[in-house]
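Please have the view open as we go.

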Amino acid sequence: MKRKPSTEATSAWIRLMRVQSRVLDCVEQDLKKAGFPPLAWYDALLELSRAPSGELRPVELERQMLIPQYSTSRLIDRLVDEGLASRRECKIDKRGQFVEITEAGRELQKRMWGAYSAAIEKYVGSKLSDADAVKLSGLLDRLGCSCGEMKLPPVANVNESSPSR
């Protein structure tokens, strides 16, 4: 017989899901108030800007994004329509394509970071000491590893204009 989760584990799960949803909603509202597009745009532009050549295949972009993106192709369409990214045919595999960040995309991602970093400080940084944040990161890493994921890369200095996360 399989073991059932304890009351404490179930409570932790519920809190994790509620807090994640509420904090993301607050961050989205702060970005909107600052006149920026949704966080998924920032996330996609950040991943494209971090890629060695500024481009990724759509499936790679989806895999690397922080926020689940069930309609990555629609997100890419919007970024392309706004001139923030462009599509390029793969020279080796003519059926494949790459999405490449444009200079306008790099500029928007950097501008959005000001509002996004303020929201991270407001909803997370101001509520946790640095020691608590390190502890929480360690606990979350343990949960990620239990799902068969690789250990997350270390987070770069969050005062940069293009953070690792």
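Of the 165 residues in the chain, 29% are buried, where buried means under 20% relative accessible area, exposed means over 50%, and partly exposed lies in between, computed with a 1.4 Å probe and protein chains only. This is a predicted model, in which local features need pLDDT of at least 70 and side-chain atom pairs count only at pLDDT 80 or more, while totals for chains, interfaces and linings use all residues. Residues are numbered from 1 along each chain as its sequence is written, and side-chain values use heavy atoms, with hydrogens and water left out.

The chain has 6 helices and 3 strands, taken as DSSP runs numbered from the N terminus, with helices being H or I of at least four residues and strands being E of at least two.

Now to the charged pairs: the whole structure holds 4 salt bridges, each a side-chain nitrogen of Lys or Arg within 4 Å of a carboxyl oxygen of Asp or Glu. One of them joins Glu 47 to Arg 50, with the closest N and O atoms 3.2 Å apart, and both residues lie in helix H2, 3 residues apart, or about one turn of the helix. Glu 47 is buried at 3% relative accessibility, whereas Arg 50 is partly exposed at 38%.

Glu 55 and Arg 88 also form a salt bridge, at 2.5 Å from N to O, and this pair links distant parts of the chain, from strand E1 to strand E2, 33 residues apart. Here Glu 55 is buried, at 14%, and Arg 88 is partly exposed, at 26%.
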